[in-house]
Amino acid sequence: MDAQTLDTFFTALQRDNPDFVLSGPALADLRYQIANQGRLVLIGVPSLQSIDYAHLSSHVLRQLPPEIGMLDGLTFIDLSRHQLSALPESIGMLSQLQHLDLSENQLEQLPESLCELEQLHHLDVSQNRLTALPESIERLAHLQRLFLSYNQLTHLPSALGALQRLELLYASNNQLHSLPDVFTQLINLSSLDLSENALGVLPESFGQLRHIVNLELANNNLIELPESFGELVYLMIADLSYNQLQQLPASLGRLSNLRQLNVSHNQLSDLPDTLAQQPHLEGLNLSHNLLTSLPPVISALSALIELDLSENQISELPESIDALQQLQRLVLSGNQLSTLPSSFGQLKQLEVLQLDANQFTDLPSQARPCTQLVILSLSANPLAALPQWLSQLEQLDYLDISRCSLRDLPAWLAQCRQLTSLDISYNQLHTLPSALRAMPQLQMLACNVNQLSHLPDWIGELRGLEQLSLDANQLAELPASIGELGNLRQLDLSHNQLHTLPASISALQQLTFLALSHNKLEQLPASLAELDSLKFIYIDDNPLHVDQLAPALQARIAS
């Protein structure tokens with residue numbers, strides 16, 4: 001590509017975008033790429049966080065000049081993140097173009113001439129304002145990847161079915177209500193994303209898309225799936241969450257390569273028995289449905305690693321659950337469980353167990369989980385006491401026993417020395433349990449909304465703490481030993497009765513966040529200003545005057 005042609009193009013670019021700035025090394029590099037590599041890469045605003053809005057116009061193009069057609073050697077164009085509202089017809093003259101990225105612009109339509117780019121493999125027009133695609137899109141015979149997400153499309157043209165080489169189609173976050181029948185002629189599709197639309201039905205011939213590996217249909221209005229769904233024999237990942245499915249087709253059992261299935265947030269009350277034929281299913285999300293019991297078929301899914309049954313109406317688990325010997329994560333939150341089967345402890349690989357928001361009053365030892373458990377949540381259960389088998393969970397790292405109406409914690413909890421995170425919020429504790437002193441690994445302690453009137457001096461022994469939350473208690477003062485928490489990064493003391501802070505608080509050299517709202521503080525230690533890492537201080541609803549604080553502190557007050 002000769003220098004005169006480049007001069008003509010850049011002169012036109014400046015003519016149509018008088019505020020746009022491109023000069024010096026950046027211009028020289030761009031000219032070199034166009035002339036020698038066939039690449040025009042001119043990305044607009046790089047980041048809303050890093051741009052100076054006063055100079056925004058110098059970073060974005062508002063018009064692409066017709067002279068773009070002169071650059072007939074281009075094979076790659078990236079003009080994303082500009083403010084282009086239209087494309088010149090001359091775009092169709094770029095006969096060698098293979099990659100075109102126009103995402104994050106303001107395009108309302110695509111010119112018919114764009115469909116003359118017969119060598120195009122990759123087209124990204126996501127995050128624009130398109131309401132339709134040109135019917136002549138069928139001429140893009142070599143197109144393999146098409147990105148249409150985040151537009152205003154209400155339909156896809158029938159001509160789309162002619163794109164036999166299309167392998168990836170993303171059209172999420174549009175306004176699609178249906179798919180044309182010829183859509184299923186896209187037989188080479190391997191990845192399809194139609195999530196966040198308004199699809200009420202899939203074509204009966206949907207199973208002809210048999211090469212699909214990844215399918216995203218979340219957040220639509222699907223009531224049922226066609227029986228041909230079972231013909232998607234290469235399907236590995238399917239997200240059908242947030243629809244209105246009342247049942248799944250029996251043909252689902254033929255999806256022998258399925259690894260992940262998400263049907264959460266639907267209206268399922270049962271599962272087809274044929275699901276038992278899934279030899280490789282590793283992840284199953286059934287949360288937020290209408291299940292009243294665990295479907296027997298689940299016990300046959302011997303490869304399951306993750307199972308989410310949260311927010312259903314399940315009142316008991318079958319003894320056969322111990323067949324899930326590969327299970328590592330089990331979520332049962334928000335059900336009506338009051339007991340666990342005696343076989344539960346046979347889940348030898350279980351690492352994450354969430355039982356919060358059920359009806360457990362007791363968890364007997366014969367139903368205790370295996371000792372490999374790393375994360376356990378018992379929050380929001382009416383527990384009379386904590387089960388002592390907790391002390392035998394040698395790998396336990398995270399324990400949530402918030403909202404259990406606990407008045408005290410047992411001394412044997414000190415045996416959980418490996419805990420790094422403990423949430424005991426929303427209970428009825430009057431003092432921090434002494435068992436915490438034996439937890440040298442503790443990094444996060446949440447004790448919000450209790451009845452603490454003081455902190456023990458030994459709080460300073462928890463030197464591994466990075467986050468301490470004591471919101472909504474009755475603390476009137478803090479011990480000087482709090483300054484010994486040298487690793488503390490976040491400290492929440494809001495909604496208490498504090499009148500002063502100890503001078504030792506200025507020793508918290510790692511502190512970045514300090515919440516003191518809704519107390520009775522009339523002043524803050526001037527030495528807080530010496531904490532260079534402290535970025536955010538919340539002090540609203542205190543009887544102190546911000547304008548009387550040191551300027552270095554005033555700059556860090558957040559609202």
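1. Helix α2 has the length its residue count calls for. At 1.5 Å a residue, the 14 residues of α2 (residues 24-37) should span 20 Å, and the end C-alpha atoms are 19 Å apart, which agrees. The model is a predicted one, and the values here are computed from it.

2. Within α2, the buried residues include Leu30, Gln33 and Ile34. They sit on the same side of the helix, because the arc they cover around the axis is only 95°.

3. What do the buried residues of α2 pack against? Their partners are α1 (3-16) and β1. After α2 comes Gly38, with a positive phi near 70°.

4. Glu67 deserves a look in any check of charged side chains. Its place is the loop between β1 (39-41) and β2 (76-78). With a relative accessible area of 18%, Glu67 counts as buried, because the cut-off for that class is under 20%. Leaving aside residues up to four places away in sequence, Glu67 touches Thr8, Phe9, Ala12 and Arg15.

5. How many disulfides does the structure hold? The count is zero. For Cys416 the reason is distance: the closest cysteine sulfur, in Cys404, is 15 Å from the sulfur of Cys416, too far for a bond. A disulfide would need the two sulfur atoms within 2.5 Å. Cys416 is buried, at 0% relative accessibility. Cys115 is buried as well, with a relative accessible area of 1%.

6. Arg403 lies in the loop between β16 (398-400) and β17 (421-423). Is Arg403 buried or partly exposed? Arg403 is partly exposed, because its relative accessible area is 44%.

7. Tyr426 is found in the loop between β17 and β18 (444-446). The relative accessible area of Tyr426 is 39%, so Tyr426 is partly exposed.

Terms used
Residues numbered from 1 in each chain as written. Predicted model: local features only at pLDDT ≥ 70, side-chain atom pairs only at ≥ 80, totals over all residues. Heavy atoms only, no water. Helix = DSSP H or I, 4+ residues; strand = E, 2+ residues; numbered from the N terminus. Buried < 20%, exposed > 50% of the residue type's maximum accessible area, 1.4 Å probe, protein only. Contact = heavy atoms within 4.5 Å. Expected span 1.5 Å × (residues − 1). Arc of directions from axis to C-beta.
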